[in-house]
Amino acid sequence: MIQSSELILNPDGSVYHLNLLPENIAHDIIFVGDQNRVEKITQFFDSIEFSTQKREFKTQTGLFKGKRITVMSTGIGPDNIDIVMNELDALVNIDLKTRTPKENLTSLNIIRIGTSGSLQADIPVDSFVMGKFGLGLDNMLRSYLIDEISETAMEDAFIQHTNWDLRKGRPYIIACSEKLEKRLESNRIFKGITGTAGGFYGPQGRVLRLNIQDENLNSKMDNFNYNGTRMTNLEMETSAIYGLGKLLGHNCLSLNAIIANRANGTFSEDPYKAVDELIAYALGKLAE
């Protein structure tokens with residue numbers, strides 16, 4: 001039995017942070033970072049059966065073209081993903097009344113829809129990027145046993161290429177779900193390695209008033225290429241989603257609308273349009 005201090009439930013039996021019961025979620029789930037983006041997706045639904053919010057975690061479940069889908073905001077960063085992924089898994093794979101794992105486990109389909117900046121000059125603003133791999137620069141996933149799911153040879157190549165300072169922890173690389181990759185790929189989508197940083201400023205190479213440990217890291221990441229797979233973009237959630245998804249047995253994929261190109265310093269003239277187009281694309285693929 002899992003102790004109450006480890007799996008914390010609210011008085012109504014819902015999981016602690018997400019404020020959800022098992023019946024509140026679908027098996028197809030869309031993650032967004034911003035709670036205000038949840039309704040930008042569910043506005044296209046035929047109907048909404050459930051809605052709740054606690055802290056930054058807003059959830060709505062409903063029907064889109066007859067398919068039941070849940071949309072959830074995760075907030076920003078790998079630490080929030082640790083909460084969201086573990087509590088979602090508890091909803092489907094732990095009997096919350098007996099506090100014991102179920103014998104028959106359920107695999108969720110989880111798609112992150114986000115915004116990001118491109119690291120490559122030829123990946124323009126307003127395009128879509130699919131993270132074929134998630135590169136974690138944040139250390140969160142190192143709290144778990146990840147050797148069997150990690151792309152160790154690619155990690156070693158990245159460490160050597162960037163002359164990575166291991167005092168910051170060893171980067172980890174996790175592949176996306178092949179099932180969801182095939183389901184959502186198309187000719188208009190760029191694929192590559194999505195980097196996940198543990199912060200927005202220094203961890204992503206931004207300098208305001210503080211000097212950073214490696215001022216050349218972004219340019220070294222731009223040039224990293226492993227057997228034809230290169231870095232495409234940098235954000236703050238993907239690798240954590242991929243890692244916990246693989247460990248827990250869920251299918252995960254990250255899609256980003258590129259609203260900035262850091263290689264040439266450009267920004268989308270209409271970033272909201274780019275996000276809306278990505279939402280429409282993802283919903284259409286899920287409903288097929």
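This is a predicted model: local features need pLDDT of at least 70, side-chain atom pairs count only at pLDDT 80 or more; totals for chains, interfaces and linings use all residues.
Residues are numbered from 1 along each chain as its sequence is written. Local features need pLDDT of at least 70 and side-chain atom pairs count only at pLDDT 80 or more, while totals for chains, interfaces and linings use all residues; side-chain values use heavy atoms, without hydrogens or water.

**Whole protein**

Start with everything selected. The protein has seven helices and 14 strands; these are DSSP runs (helices are H or I, at least four residues; strands are E, at least two), numbered from the N terminus. Show the C-alpha atoms, which fill a box of roughly 50 × 40 × 40 Å along the principal axes. The radius of gyration is 19 Å, which agrees with the value near 19 Å for a compact globule of 288 residues. That radius is taken over C-alpha atoms, and the globule rule is 2.2 Å times the number of residues to the power 0.38.

Colour by charge next. There are 30 positive and 37 negative side chains, and the centres of the two sets lie 2 Å apart. Lys and Arg count as positive and Asp and Glu as negative, leaving out His and the chain ends; each charge is placed at NZ of Lys, CZ of Arg, CG of Asp or CD of Glu.

**The cores**

Select Ile 30, Phe 31, Ile 41, Leu 88 and Leu 255. Within the largest nonpolar core, which has 59 residues, these touch the most other members. A nonpolar core is a set of buried Ala, Val, Leu, Ile, Met, Phe, Trp, Tyr and Cys residues joined through side-chain atoms within 4.5 Å. Now select residues 271-287: this is helix α7, which gives the most to this core, with eight residues. A second, separate core has 16 residues, including Leu 135 and Phe 224.

Which residues does Ile 30 touch? Not counting residues up to four places away in sequence, they include Ile 41, Val 71, Ile 113 and Leu 283. Contact means heavy atoms within 4.5 Å. Across the protein, among contacts between residues at least 6 apart in sequence, 76% join residues at least 24 apart.

Select Val 92, in helix α2 (residues 78-93). Val 92 counts as buried because its relative accessibility is 9%. Beyond its neighbours within four places in sequence, its contacts include Ile 25, Leu 108 and His 250.

Move to Leu 244 in helix α6 (residues 238-248). Leu 244 is buried, with a relative accessible area of 1%. Leaving aside neighbours within four places, Leu 244 is in contact with residues including Ile 81, Met 85 and Leu 141. The C-alpha atoms of Leu 244 and Leu 141 are 7.6 Å apart, although 103 residues separate them along the chain.

**Two loop residues**

Finish with two arginines. Arg 55 lies in the loop between β2 (47-54) and β3 (57-64), and its phi is near 55°, a positive value in a residue other than glycine. Arg 99 is in the loop between β5 (94-95) and β6 (100-101); its phi, near 60°, is also positive. Is Arg 99 buried or exposed? At 14% relative accessibility, Arg 99 counts as buried.

Terms used: Buried means under 20% relative accessible area, exposed over 50%, partly exposed in between (1.4 Å probe, protein chains only).
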